[in-house]
Amino acid sequence: MIQRRTAVALLAFSPLLLTGCGGGAEATERRTPAHGPDPAPSPDTSTRPAPGGIPGLGPRRSAAIPGRCEQAVVVTGRGRDSPLCTVVLHQRTDTGWRSGPAWPAHNALHGWSARHRAGDLRSPLGVYTLSDAGGLLPDPGSKLPYHRSGGFRSPGTGFEGEPLEGSFDYVVAIDYNRRPGTSPLDWTRPLGPGRGGGVWLHVDHGGPTHGCVSVAKAHMKELLRTLDPRRHPVVVMGDADWLAH
């Protein structure tokens, strides 16, 4: 019970945790552009053969992935109210989607929500673009624009008493209720503050999150070095039953 109160206190008072796992802190930051050459024009996909589907995604979820998307991070929750999930990066090829390894991960303490609200301790179901990255540590070679800032500090302890330090060493902003093309710390909330925000992929701290999805630090570095804005990456996230529709 004491551990739970500690985590809720952090949610109430830390500017980094007001609307999710992150967002809202005002801090000086340094932005590095996406690595590599200028993005090439997107190829015409109108005549591309339809690739094989992504395992675990039903027709409705598959149809929600934009046709130009060539990278999809699929977050599969263990249950509607579970904080445990699995993350797999899928990459489109001419013959279908190629699946990467499955990584153990955490989502929000109370599971998932179809209408995420600030403070509900649930992760938002949906398909969202991935446009910006950042973190407390130097850019490890991110292809997404990388915003380094001291505002990514993560003090205190989590719901299970685990230290949160280092959780925001590397993050990728999930474009839920945010303005793409800005730092993950940007406070803009197009749907209003009541709908939450600051939902990220970030470094796992060994316990449930407030709304984000967390994976091991090595996997975050791999995502940063792989997700490419020229391939229009998205995240598809929800419990297994929802994803199967």
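The model is predicted. The chain contains four helices and 12 strands, and 51% of its 245 residues are buried. Among contacts with a separation of 6 or more, 67% are between residues 24 or more positions apart.

**Nonpolar cores**

- In soluble globular proteins, nonpolar side chains tend to be buried together.
- The largest nonpolar core in this model has 40 residues. Within that core, Val73, Val75, Val172 and Ile174 touch the most other members.
- Isoleucine 174 is in contact with Tyr128, Thr129, Leu130, Val199, Trp200, Leu201, Val235 and Met237, leaving aside its neighbours within four places in sequence.
- Another core lies apart from the largest one and has nine residues, including Cys21, Leu136, Phe168 and Leu185.

**Helix H3**

- Helix H3 spans residues 217–226, and its buried residues are Met220, Leu223 and Leu224.
- Seen down the axis of H3, these buried residues fall within an arc of 100 degrees, so they line one face of the helix.

**Leucine 89 in strand E3**

- Leucine 89 lies in strand E3, which covers residues 84–92.
- Leucine 89 counts as buried because its relative accessibility is 10%, and the cut-off for burial is under 20%.
- Not counting residues up to four places away in sequence, leucine 89 touches Gln71, Ala72, Val73, Arg98, Ser99, Gly100, Leu223, Thr226 and Leu227. One of these, Val73, is among the residues with the most contacts to other members of the largest core, and another, Leu223, is a buried residue of H3.
- Leucine 89 and leucine 227 are 138 residues apart in sequence, with their C-alpha atoms 9.2 Å apart in space.

- Cysteine 69 sits in the loop between helix H2 (59–63) and E2, and strand E2 covers residues 71–77.
- The relative accessible area of cysteine 69 is 0%, so this residue is buried.
- Beyond its neighbours within four places in sequence, cysteine 69 is in contact with Arg92, Trp97, Arg231, His232 and Val234.
- Histidine 232, one of the contacts of cysteine 69, is found in the loop between H3 and strand E12 (234–239).
- Histidine 232 is buried, at 18% relative accessibility. Its phi is near 50 degrees, a positive value in a residue other than glycine.

**Other buried loop residues**

- Leucine 121 is in the loop between strand E5 (112–113) and strand E6 (123–124). This residue is buried at 5% relative accessibility, and its phi is positive, about 60 degrees, although it is not a glycine.
- Serine 82 is in the loop between strand E2 and strand E3. Its relative accessible area is 13%, so serine 82 is buried.
- Leaving aside neighbours within four places in sequence, the contacts of serine 82 are Asn107, Ala108, Gly111 and Trp112.
- Leucine 164 is found in the loop between strand E8 (146–149) and strand E9 (171–174). At 7% relative accessibility, leucine 164 is buried.
- Leucine 164 and glycine 206 are 42 residues apart in sequence, and 8.7 Å apart in space from C-alpha to C-alpha.

**Cavities**

- Rolling a probe the size of a water molecule over the atoms shows where empty space is left.
- The model has four cavities of 30 Å³ or more.
- The second largest cavity has a volume of about 60 Å³.
- The second largest cavity is lined by 13 residues, and those nearest its centre are Arg178, Pro184, Arg189, Gly198 and Trp200. Trp200 is also one of the contacts of isoleucine 174.
- The lining of the second largest cavity is made up of five nonpolar, four polar and four charged residues.

Note on methods
Residues are numbered from 1 along each chain as its sequence is written. This is a predicted model: local features need pLDDT of at least 70, side-chain atom pairs count only at pLDDT 80 or more; totals for chains, interfaces and linings use all residues. Side-chain values use heavy atoms; hydrogens and water are left out. A nonpolar core is a set of buried Ala, Val, Leu, Ile, Met, Phe, Trp, Tyr and Cys residues joined through side-chain atoms within 4.5 Å. Buried means under 20% relative accessible area, exposed over 50%, partly exposed in between (1.4 Å probe, protein chains only). Contact means heavy atoms within 4.5 Å. On a 1 Å grid over the protein atoms alone, a cavity is a set of points where a 1.4 Å probe fits but cannot get out, and a pocket is an open set with protein on both sides within 12 Å along at least five of seven lines; lining residues have an atom within 4 Å of a point. Grid points are joined across faces, edges and corners, and a volume is the space filled by probe spheres set on the points. Ala, Val, Leu, Ile, Met, Phe, Trp, Tyr, Cys and Pro count as nonpolar, Asp, Glu, Lys and Arg as charged, and the others, Gly among them, as polar. Helices (H or I, at least four residues) and strands (E, at least two) are DSSP runs, numbered from the N terminus. The arc is that of the directions from the helix axis to the C-beta atoms.
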